[in-house]
Amino acid sequence: MSAVRHVLGRIASAAFLAVVGAFFALPMLWLASAPFDAAPSITVSVPEFTLANFRAILDNPYALGSIGNSVIQAGGAAAIVVVLAALAAYALSRVRVPGRDALLYVLLLLSSVVTGTAAMVPIFELATRLDLIDTHLGVILVVSGGLLPAAIFILKDFMDATPTSYEESARVFGASPLQILWHIVVPVVRPGLATIAVWAVASVWGGFLMQYILLRDPAKAPSAVILYTLYTEGGQPNLDLISTFSLLYSLPVVLMYLFVSGRYGFRFHGGIKQ
Amino acid sequence: MNTDAAGLGRRRAVGFVLPALVLIGVFLVFPALWTIYLGLTDYRLTGLAAADPQVVGADNYTAAIGDDRFRTSLWLSVQYVLGSAVIGQAVLGFALAWTLRDRRGPVRRIIEGLVLLSWILPSSVVAFLWIALLDRDGGTLNALLGTPGAAWLLDHPMLSIIVFNTWRGTAFSMMLYAAALETVPPSHLETARLAGASALQQLRDVVLPRIKGHVLTNMLLISLWTFNDFTPFLITAGGPEGRSEILPFYVYTTALRGGQLGFGAAVSFLILLINLVFALAYLRLLRTRDRTRDRDRGRDHGDGGGAVSGAGPAIRGTAG
């Protein structure tokens with residue numbers, strides 16, 4: 001009886017996994033086949049193999065430039081977030097600034113409550129008044145403001161977990177606080193900094209709403225926005241271009257996640273993604 | 001860990017924290033507060049009210065509540081959160097974590113990889129993949145089901161984006177429940193099984209009581225994210241005829257496209273308040289859990305349940 005139940009259970013679980021696997025794979029098949037198809041259609045089909053579609057990217061005036069824009073915006077935001085969050089997290093971890101716990105609590109609360117959706121109206125208005133519309137700087141500052149609270153929170157956890165004895169000895173030898181931070185603390189918390197950098201790059205690279213609101217000029221727009229305009233604006237969508245561009249634009253994020261999961265494991269441990 | 005090992009001193013410590021706080025203050029706190037003020041004015045993008053906005057008090061709020069389109073949109077948002085997060089992502093995520101829990105090897109890696117991939121691909125890419133999948137004339141789904149000409153996005157826009165978001169976001173629930181299930185001792189399940197408990201009874205009596213906290217955490221976080229999700233805009237843009245116009249799209253179309261900034265700010269403030277309820281409930285939950293854990297086994301570093309919680313909303317918030 002129990003053996004029968006066991007076998008039935010195995011069959012049921014295998015069937016469930018097959019169905020779910022198909023559900024998740026189905027939309028992605030197109031991304032794997034169309035870029036290499038000599039005559040891509042919207043239906044998934046076995047491609048008549050070619051690499052010629054990738055030339056379509058070179059012919060489009062905005063495609064390659066938009067990848068450059070994505071690099072500037074994601075890189076700029078990641079740099080600001082990592083540097084400012086590291087400084088703040090270090091100070092908050094080592095010195096009892098008055099009101100520190102309340103500050104951390106409010107930061108955590110804010111980062112969940114003030115989402116792009118809820119704040120798009122005032123952020124658009126603020127950017128307009130500060131002349132930040134259609135600038136890379138505008139995008140970088142706005143998204144950094146949104147990422148910083150969580151980054152500080154995570155990095156403070158990393159800093160809290162590192163011993164302070166090296167810092168004490170360095171201080172005895174007369175190192176300044178910035179020297180100590182740079183030569184001693186940074187090497188120790190490097191995994192934390194890398195996590196924050198990857199996370200910031202990935203979220204800006206894939207982010208759409210803020211970039212869409214803040215940038216009107218297609219020459220400044222990142223890939224997320226250009227790709228959207230490729231399939232929504234004007235007549236028949238150009239499928240060779242959309243498919244190859246989607247693939248090229250997705251690759252860096254996928255590679256980064258593979259790198260992170262290979263290096264640190266991509267799993268929750270009691271709640272944290274490490 | 002409050003020893004000032006590097007000899008930073010309070011003044012320099014404040015100097016280290018300040019740049020981050022200024023950026024957060026200007027681009028996160030100030031917009032949130034400004035929403036409250038803008039929401040009380042008749043501010044517009046162009047025209048007379050753009051040059052000289054007047055304070056109109058609660059008019060925007062009464063206008064919103066009296067507006068059919070707003071009420072429809074709020075109701076669609078409720079459907080979207082319940083359908084795609086509370087039911088779709090949480091149930092599918094749990095089912096996956098449960099089915100995969102004692103599997104190793106390629107099957108598990110492939111399934112997990114596919115689920116994760118749908119989570120990490122950029123939103124404009126996945127949006128087009130779904131447009132292609134559901135296309136009326138050449139869509140893969142119609143080819144597969146043998147239903148040529150079925151216009152999924154036109155006839156069932158809400159169902160389409162609910163299924164889409166289930167596909168898009170299940171990874172988080174799957175990973176969180178997988179971690180939660182690891183806290184259930186196998187021996188307890190074994191005992192229950194030997195005592196003749198069915199799978200459902202095991203789930204109800206052994207597993208659920210242990211992972212209650214995780215379930216609640218997961219529900220709050222994915223509801224908050226889904227409520228603020230802008231991604232399906234790239235698929236339906238709220239159409240056809242507003243039949244998939246959830247609250248974020250409503251704000252975007254009325255305020256930024258229609259130019260009614262004051263009115264849009266009022267609706268944004270309502271969204272902020274709803275977010276606040278979710279976030280406060282979540283933080284309260286975390287603190288109770290932290291306190292229990294501190295009592296149970298002392299302060300535990302590196303676990304940082306709070307960290308992902310803080311990171312999560314921001315990830316979705318800005319990526320939205």
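Visitor: How are two packed helices described?

Guide: By the angle between their axes and the distance between the axes. Axes are lines fitted to C-alpha atoms, for helices over the stretch in contact, and angles run from 0 to 180 degrees between N-to-C directions. In this predicted model, helix α11 (residues 223-232) of chain A packs against helix α6 (residues 123-134) of chain B at about 20°, with the axes 9 Å apart. Helices here are DSSP runs (H or I, at least four residues), numbered from the N terminus.

Visitor: What orientation do α11(A) and α6(B) have to each other?

Guide: Angles under 35 degrees count as roughly parallel. α11(A) and α6(B) are therefore roughly parallel.

Visitor: Which residues of α11(A) and α6(B) meet?

Guide: Contact means C-beta atoms, placed from the backbone, within 7 Å. A:Ala224, A:Leu227, A:Tyr228 and A:Tyr231 meet B:Ser124, B:Val125, B:Phe128 and B:Ile131.

Visitor: How many residues of chain A are in contact with chain B?

Guide: 98 residues of chain A contact 94 residues of chain B. Helix α6 (residues 136-160) of chain A gives the largest share of chain A's side, 15 residues.

Visitor: How should I read the numbering and confidence limits?

Guide: Residues are numbered from 1 along each chain as its sequence is written, and chains are lettered from A and ligands numbered from 1 in the order in which they are written. Local features need pLDDT of at least 70, side-chain atom pairs count only at pLDDT 80 or more, and totals for chains, interfaces and linings use all residues.

Definitions and conventions
Two residues are in contact if their C-beta atoms, placed from the backbone, lie within 7 Å. Helices (H or I, at least four residues) and strands (E, at least two) are DSSP runs, numbered from the N terminus. Angles under 35 degrees count as roughly parallel, over 145 as roughly antiparallel, 65 to 115 as roughly perpendicular and the rest as oblique.
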